[in-house]
Amino acid sequence: MFYNLMQSYTDKIKKCICEKYDSEVLKYKAIEDIYATIDLHHHTIHSDGLSNVQEIIAYMIERGITVGAITDHDGTGGVEEGLKLAQEKGIICFSGVEFSTRTKEDAEIHILGYEIDIDNPGIQKLCQKAMDGRTRKNEERLNIVLKKWPDLNEQVAKLRSSEYVGKPHIARMLLTEKKIETLQEAFEGILAGTPLLENPVIETSVEEACKIIIEAGGVPIWAHPGITKEFATRETPEFWKVCAEHMELFKSYGVRGVECLHKKHSINEALTLVDMALNKDLIITRGSDYHGRYYL
């Protein structure tokens, strides 16, 4: 259902871009209007989001979303509840997951898997593998926090006992305890960098993630390509050259579409990715990458 539905929206874009527009802004707006009620990228407290599943569904309703998905990082803990609540509210909601992967050239690539069987052993094994890496890294972050603020021992112990700990949760704790003035201060300061280089978090290849998603009955989608830092300077000819090469490669691995419409893509990036995806016969998706109201 997911692929066919998104293909129908992609077909609407094909017709849309054949029209003449007075500006790229108007062309982008026409495409955005087609996808106005679609948001296929939400994170909950089961990964690094700050909203529970009920709040995510309420947020979808508030924005008039009719087609959505729960796509936590490396986990499916919120999916079952999300699907049930969405159905009750008349929202088409797909099971999902977002895997962090690396290419041979060491570029970090996020692959979204939609309409997966969340109980599939391969999916759960890959989720656990990724979570083990994240746990090591976040333990290092918590140690850094305690070294700077020893009085936060109780708060850090509470975080350690949580199902999932990520940078947003640590930052929110620091904000609550008045150690920082804004969340951004934590992200750009004490939580910045990669403290555990000797134990890299991302050990999964794009090919492996796609294979497992497909085996679980799902559809692999390349998430937010325009913000891939390792390719080249954003929006340069070199960046788009590398991006196009990787899009073709990922298609050979089984990627069926591209998240062209994303909050961090500029209008030019979104339109370039739309053209690139259409030329490679890939479907187009839209996702806010919502992590909570703090990040709006």
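Predicted model: local features only at pLDDT ≥ 70, side-chain atom pairs only at ≥ 80, totals over all residues.
View A. Strand S6 spans residues 257-262, and six of its six residues are buried. The strand is therefore largely enclosed by the rest of the structure.

**View B. Pairing of S5 with S6.** Strand S5 (residues 219-222) runs parallel to S6, and the two are paired over two bridges. Tryptophan 222 has valine 258, in S6, as its bridge partner. Between S5 and S6 the chain passes through helix H10 (residues 237-253), and this β-α-β crossover is right-handed.

**View C. Pairing of S6 with S7.** Strand S7 (residues 283-287) is parallel to S6 and is joined to it by five bridges. Within this pairing, glutamate 259 has threonine 285, in S7, as its bridge partner.

**View D. Cysteine 16 and cysteine 18.** The structure holds zero disulfides. Cysteine 16 takes part in none, and the nearest cysteine sulfur, that of cysteine 18, lies 8.8 Å away. A disulfide requires two cysteine sulfur atoms within 2.5 Å. For the sulfur of cysteine 18, the closest cysteine sulfur is that of cysteine 16, and the distance of 8.8 Å is too far for a bond. As for accessibility, cysteine 16 has a relative value of 8% and so counts as buried. Cysteine 18, by contrast, counts as exposed because its relative accessibility is 63%.

**View E. The second largest pocket.** The volume of the second largest pocket is about 420 Å³. Its lining is formed by 15 residues, of which Lys158, Leu159, Ser162, His169 and Met173 are the closest to the pocket centre. Two helices, H6 (153-160) and H7 (167-176), each contribute at least two residues to this lining. By residue class, the lining of the second largest pocket comprises five nonpolar, five polar and five charged residues.

Notes. Residues numbered from 1 in each chain as written. Heavy atoms only, no water. Buried < 20%, exposed > 50% of the residue type's maximum accessible area, 1.4 Å probe, protein only. Helix = DSSP H or I, 4+ residues; strand = E, 2+ residues; numbered from the N terminus. Pairing = 2+ DSSP bridges. Right-handed = clockwise from strand over helix to strand, strands pointing away. 1 Å grid on protein atoms, 1.4 Å probe; cavity = no way out; pocket = protein on both sides within 12 Å on 5 of 7 lines; lining within 4 Å. Points joined across faces, edges and corners; volume = space filled by probe spheres on them. Nonpolar A, V, L, I, M, F, W, Y, C, P; charged D, E, K, R; others polar.
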